[in-house]
Amino acid sequence: MIDSRRIAPGSNVEADLCIVGAGPAGIAIAREFVNHPARIVLLESGSTSVREGNQLLCRGSISGNSYPPLHLCRRRVLGGSTSYWGGWSRPLDGIDFEERSWVPYSGWPFTREQLNAEYARAHAIWNLGEYAYDSPPGAESSETFLKATQNSFEDVFFKVNATRFGKAYREELEKAPNLRLMLHANVLEIEMDRDQKTALSVTVATLAGNRFSVSARNFVLAAGGLENPRILLASRGVRESGVGNENGLVGRFFADHLHVMLPRIPLNGRQPPSFFHPRPTGEVSVRGGMALTEDTRRREKLLGLAITIHNPDNPHDVVHPTYSNLGYSSLQALVRPLASGEVPDLLGYHFRLVLQDPVNAFALSFRRVVKTPWRAFAIGVRAEQVPNPNSRILLDQERDGFGMNKIQLDWHLTEQDLDSLRRARRILESELNFPGCGPEKAQRGYEGALEITGASHHMGTTRMHRDPKLGVVDESCRVHDIRNLYVAGSSVFPTSGWVPPSLTIIALALRLADCLKRSF
């Protein structure tokens with residue numbers, strides 16, 4: 001493991017494979033090459049813990065629909081999003097891979113069945129146990145929650161395990177004799193040959209002021225759904241439009257999962273079906289939900305949608321993640337080492353973050369220890385966003401400390417997104433059978449505009465398609481017309497589905513690793 005701030009300015013690091021980003025995708029690919037003859041360089045912008053200076057590099061502007069601040073929905077740290085995620089896992093539905101007549105720009109270049117082997121391997125990396133999403137042994141169903149005569153929704157299960165990839169695989173990566181894990185390494189651009197057909201090197205900078213390059217036979221961008229397009233767009237040494245952007249698609253089709261929390265419903269002493277509660281089984285918890293059936297989606301021409309049931313009085317049991325409170329994360333970073341008699345890293349930095357919002361930070365910590373009883377329940381909605389070329393990542397005029405253009409996120413929902421949500425909501429309300437929550441009461445309680453929140457699942461910005469006029473990368477995740485540049489992560493998703501993206505991210509990363517091995 002190398003501190004890039006100590007690399008001599010102007011030097012060049014040589015490798016066979018250079019991976020940009022040490023999140024779940026980058027780490028999954030790097031692990032496939034441990035003890036391989038190829039020389040691997042894994043570049044990570046952050047360190048082994050969150051640092052203020054690194055996080056400030058994530059700042060950007062937002063236009064269009066409201067969205068969380070960009071520096072709060074990403075982490076520049078070893079392990080990336082796995083350093084704070086909830087760890088909800090499920091594969092995409094088979095229908096999500098299809099070209100659907102009612103969903104423009106839909107269709108993956110392969111089927112769900114063709115990805116099942118990689119899904120199973122991703123399970124092992126994530127420590128999720130057996131790759132199976134049928135009803136777990138002894139689990140009840142949700143049938144008491146909906147009318148028995150209705151069948152628009154079906155039971156689904158999530159596996160939950162918040163594995164921290166940075167901690168889980170740090171030692172393995174450090175000990176690999178053929179791998180250099182370089183921290184504090186910020187990639188500013190890709191250097192291309194004159195014909196724009198071959199990537200030659202990447203330019204790397206650190207906050208200490210030194211700059212160097214990494215040259216390799218193959219490159220993989222695994223920096224996330226915002227940074228992947230940013231790096232491609234900022235690489236204007238040969239062509240002003242950037243790398244891989246001959247058809248103007250880089251950064252377009254930005255999508256997120258639409259999260260909606262419907263109003264709370266009092267329980268009045270009752271309990272919601274235990275089907276929806278987390279059930280620990282070793283390291284992994286299983287949690288139930290309900291999703292629109294494939295037949296319903298086809299018949300009603302709806303986008304994917306699922307619901308889960310939550311305790312609205314417990315801030316840790318909500319459909320919206322709590323990561324946006326950095327003070328809470330910093331309080332954890334202070335308490336854990338102190339409890340072990342150790343001095344916390346970055347003591348002043350974490351203490352300042354706690355003081356910015358101490359009430360919320362301590363309240364979240366209190367609710368982690370003291371479980372909140374169920375006095376009511378809320379229905380959390382997770383919905384698919386239709387691919388939209390007008391929803392996109394752009395380069396802002398404002399620049400960061402390296403002189404690199406910051407990100408502008410221009411997030412746009414379509415009328416189809418909203419209409420699909422409204423119609424699915426009406427179907428749900430008509431089928432509810434929970435006592436005291438009939439259709440009339442539900443209708444009165446759910447009136448008003450939907451409050452839609454993005455889940456910070458950044459998808460679609462370097463989408464996959466066999467036709468270069470419809471996608472940035474091909475079915476092998478290689479940038480069209482560039483022989484040695486690949487992209488990993490949810491930025492390659494052609495459609496988002498409603499399922500959390502992480503398991504598919506890792507499965508696609510393993511598929512890409514196999515492709516790279518064949519090239520070597």
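How many aromatic pairs does the structure hold? The count is 17 aromatic pairs, in a model that is predicted.

1. One of these pairs is W88 with F158. The ring centres lie 5.0 Å apart and the planes stand at 65°, so the pair is edge-to-face, the cut-off for that class being over 60 degrees. W88 belongs to strand β5 (residues 88-89) and F158 to strand β6 (residues 153-160), so the contact ties together parts 70 residues apart in sequence. W88 is buried at a relative accessible area of 18%, and F158 is buried at 0%.

2. F97 and F110 form a tilted pair, with centres 6.3 Å apart and planes at 45°. F97 and F110 both sit in the loop between β5 and α3 (116-126), 13 residues apart. Both F97 and F110 are buried.

3. Ring pairs also join W85, W126, F165 and Y169 into a cluster.

4. Helix α1 (residues 24-32) packs on helix α13 (residues 502-519) at about 35°, with the axes 9 Å apart. The crossing of α1 and α13 is right-handed. On the α1 side the contact uses P24, A25, A28, I29 and E32; residues on the α13 side include I505, A509, L512 and L516. By type, the residues of this contact are 11 nonpolar, no polar and 3 charged.

5. The largest nonpolar core has 101 residues, and I29 is among those with the most contacts inside it, as are L43 and L485. Helix α13 gives the most to this core, with 11 residues. Beyond its neighbours within four places in sequence, I29 is in contact with residues including L17, V220, A488 and A513.

6. A second, separate core has 38 residues, including F157, L267, F275 and F276.

Technical notes: Residues are numbered from 1 along each chain as its sequence is written. This is a predicted model: local features need pLDDT of at least 70, side-chain atom pairs count only at pLDDT 80 or more; totals for chains, interfaces and linings use all residues. Side-chain values use heavy atoms; hydrogens and water are left out. Axes are lines fitted to C-alpha atoms, for helices over the stretch in contact, and angles run from 0 to 180 degrees between N-to-C directions. Helices (H or I, at least four residues) and strands (E, at least two) are DSSP runs, numbered from the N terminus. A crossing is left-handed if the near helix is turned anticlockwise from the far one by less than a right angle, and right-handed if clockwise. Contact means heavy atoms within 4.5 Å. Ala, Val, Leu, Ile, Met, Phe, Trp, Tyr, Cys and Pro count as nonpolar, Asp, Glu, Lys and Arg as charged, and the others, Gly among them, as polar. A nonpolar core is a set of buried Ala, Val, Leu, Ile, Met, Phe, Trp, Tyr and Cys residues joined through side-chain atoms within 4.5 Å. Buried means under 20% relative accessible area, exposed over 50%, partly exposed in between (1.4 Å probe, protein chains only). Rings of Phe, Tyr and Trp (its six-membered ring) pair if their centres lie within 6.5 Å; planes under 30 degrees apart count as stacked, over 60 as edge-to-face and the rest as tilted.
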